[in-house]
Amino acid sequence: MAADSQSVRFGGSGHSSEGGTDWAGALRDSRLRVTPTRLAVLAAVEEIPHADADTVIQRVRARIGSVSTQAVYDSLHTLVGARMLRRIEPAGHPARYETRTGDNHHHLVCRVCATLTDVDCAVGSQPCLQPSDDHGYLVDEAEVVYWGLCPKCQSQTAADTESPPPTVPSTTT
């Protein structure tokens, strides 16, 4: 299966409206209280997939005004626990959040700029969910992260190597 950036929102629950996902309905279905902070967090992550917590906090404040940092972190934690959001933690980078849940997709991470890109499971049968020895675990998710250079950083790296070396002024008199 080819890489695909289309999202499965909230496990493919089908909550949608003209303005996007019906997050209030999704919260109710998850037996969570519908609060302005939770709605703003979900909308922020939907608008900016793979957003870090600081970005989510800025977007939530822009949307609803004054809200504590702790309230946003609490909402992120609750929404991850309810599987409405997925938390991604690439090594050496801050945690990121996305609304694409329940489909066992993976991620590409750029080593230079830290851009994160969704990529579908390599084979339709999801071989990553079948470890050689499961040690009695019931496996329901695998986290595969591919590392490399994104196209933009590849272009920049190529441009940097093609540039002539800087001229060093002569020190002879």
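Is H135 buried or exposed? At 62% relative accessibility, H135 counts as exposed, where exposed means over 50% relative accessible area, buried under 20% and partly exposed in between (1.4 Å probe, protein chains only). The legends below take the whole chain and then some close-ups.

This is a predicted model, in which local features need pLDDT of at least 70, side-chain atom pairs count only at pLDDT 80 or more, and totals for chains, interfaces and linings use all residues. Residues are numbered from 1 along each chain as its sequence is written, and side-chain values use heavy atoms, with hydrogens and water left out.

**View 1. The whole chain, end to end.** The protein chain has 5 helices and 6 strands; helices (H or I, at least four residues) and strands (E, at least two) are DSSP runs, numbered from the N terminus. Of the 173 residues, 35% count as buried. The accessible surface comes to about 10,800 Å², and 51% of that belongs to carbon and sulfur atoms; these areas come from the Shrake-Rupley method with a 1.4 Å probe. Take the contacts (heavy atoms within 4.5 Å) between residues at least 6 apart in sequence: 50% of them join residues at least 24 apart.

**View 2. Helix α3 against helix α4.** Two packed helices are described by the angle between their axes and the distance between the axes. Here, the axes of α3 (residues 53–64) and α4 (residues 69–81) come within 10 Å and cross at roughly 115°. Axes are lines fitted to C-alpha atoms, for helices over the stretch in contact, and angles run from 0 to 180 degrees between N-to-C directions. That makes α3 roughly perpendicular to α4, a label for angles of 65 to 115 degrees (under 35 is roughly parallel, over 145 roughly antiparallel, and the rest oblique). On the α3 side, look for A53, D54, V56, I57, V60 and R61, which meet T69, V72, Y73 and L76 in α4. By class, this contact has 7 nonpolar, 1 polar and 2 charged residues; Ala, Val, Leu, Ile, Met, Phe, Trp, Tyr, Cys and Pro count as nonpolar, Asp, Glu, Lys and Arg as charged, and the others, Gly among them, as polar.

**View 3. Helix α2 against helix α4.** Helix α2 (residues 36–47) packs on α4 at an angle of about 70°, with the axes 9 Å apart. So α2 is roughly perpendicular to α4. T37, R38, V41 and L42 reach from α2 to A71, V72, S75, L76, T78 and L79 in α4. Sorted by class, the residues here are 6 nonpolar, 3 polar and 1 charged.

**View 4. Around C110.** You'll find C110 in strand β4 (residues 106–110). With a relative accessible area of 3%, C110 is buried. C110 and G148 are 38 residues apart in sequence, yet 5.1 Å apart in space, C-alpha to C-alpha. Leaving aside neighbours within four places in sequence, C110 is in contact with T115, G148, L149, C150 and C153.

**View 5. Two histidines with a positive phi.** Most residues other than glycine have a negative phi. H50, though not a glycine, has a positive phi of about 70°. H50 sits in the loop between α2 and β1 (51–52) and is buried, at 10% relative accessible area. H135 also has a positive phi, of about 50°, and lies in the loop between β5 (116–119) and β6 (145–148).
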